[in-house]
Amino acid sequence: MRKPVGMAISVYPIVQGAMLAIEVASSAVEDPDDEYAAHLIFGGAGKQPGAAPGGITGYWADSFGGAFAASGRGESRPGGFDITYHYPDMAYVNRWRLAGDRLTWQIVARDKKGAEKPFASYTLHKAACGEAEAEG
C-alpha cells in the first residue's frame, strides 16, 4: 500500500482449459531493484461430484520461496471472484474484479478474529504486450 509499482500480468489456460495460470511480475517505481514475482493457479469446481457451485481452488507461489506458498479456497462473485489463502498468523483474502478493460485486485489481511486490514490494491488495464501499466 502507498508504494507505486509497475506490474505485468500474463493469464493463460492450463491443463486442457480446466484451470487458469496467472504470472505476475512487478517492481517498485522508485526502486526498480525492488522486484516481486508470483505464479497463481485457479480452477473452478467444474463438474466434480459434490463440488459447491462457484467454488474455486487456487495455489499461490512467489519469489519469497516455498515456505510462503499456499493453497486457497474461494468462490465466484459478480464480476469476478474472491479467494482466501490461510497462513498460521493471518489469512489473505484476494478480491479479483473485471469490468471492461479494467482489472482490480485487492488483498486484505484478515486476523483470527475476522478483522480486515488493507494489504495491497492494484488497478490494471489491458494493454498490448510490452505496454502493460498498473496503478498500485
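Ala8 lies in strand E1, which covers residues 5-14; strands (E, at least two residues) and helices (H or I, at least four) are DSSP runs, numbered from the N terminus. The model is predicted, so local features need pLDDT of at least 70 and side-chain atom pairs count only at pLDDT 80 or more, while totals for chains, interfaces and linings use all residues. Residues are numbered from 1 along each chain as its sequence is written, and side-chain values use heavy atoms, with hydrogens and water left out.

Ala8 counts as partly exposed because its relative accessibility is 34%, where buried means under 20% relative accessible area, exposed over 50%, and partly exposed in between (1.4 Å probe, protein chains only). Although Ala8 and His125 are 117 residues apart in sequence, their C-alpha atoms are 9.8 Å apart in space.

The overall picture of the chain comes next. The secondary structure comes to zero helices and 10 strands, and along the sequence it reads β-β-β-β-β-β-β-β-β-β. Of the 136 residues in the protein chain, 28% count as buried. Its accessible surface comes to about 8800 Å², and 56% of this belongs to carbon and sulfur atoms; such areas come from the Shrake-Rupley method with a 1.4 Å probe, and for residues only the protein chains shown count as cover. Among contacts (heavy atoms within 4.5 Å) between residues at least 6 apart in sequence, 23% join residues at least 24 apart.

Ser26 has its place in strand E2 and is buried, because its relative accessible area is 12%. Leaving aside residues up to four places away in sequence, Ser26 touches Gly6, Met7, Asp34, Glu35 and Tyr36. Glu30 lies in the loop between strand E2 (19-28) and strand E3 (35-44), and Glu30 counts as exposed because its relative accessibility is 76%. On the surface, Glu30, Asp31, Asp33 and Glu35 gather in a patch of negative charge. Patches are made of residues with over 30% relative accessible area and no salt bridge, like charges being joined within 9 Å and nonpolar side chains (Val, Leu, Ile, Met, Phe, Trp, Tyr) within 5 Å. Asp and Glu count as negative and Lys and Arg as positive, while His and the chain ends are not counted. The place of a charge is taken as NZ of Lys, CZ of Arg, CG of Asp or CD of Glu.

Side chains of opposite charge can pair when their charged atoms come close. A salt bridge is a side-chain nitrogen of Lys or Arg within 4 Å of a carboxyl oxygen of Asp or Glu, and by this rule the count comes to six. One of them joins Asp34 and Lys3, whose closest N and O atoms are 2.6 Å apart. This pair links distant parts of the chain, with Asp34 in the loop between E2 and E3 and Lys3 in the segment before E1, 31 residues apart. Asp34 is partly exposed, at 31% relative accessible area, and Lys3 is partly exposed, at 43%.

Arg97 and Asp82 also meet through their side chains in a salt bridge (2.8 Å, N to O). Here Arg97 in strand E7 (residues 91-99) is linked with Asp82 in strand E6 (residues 80-86), 15 residues away. Arg97 is partly exposed, with 26% relative accessible area, whereas Asp82 counts as buried, with 11% relative accessibility.

Arg110 forms a salt bridge with Glu116, with 2.7 Å between the closest N and O atoms. Finally, salt bridges that share partners join Glu75, Arg77, Asp82 and Arg97 into one network.
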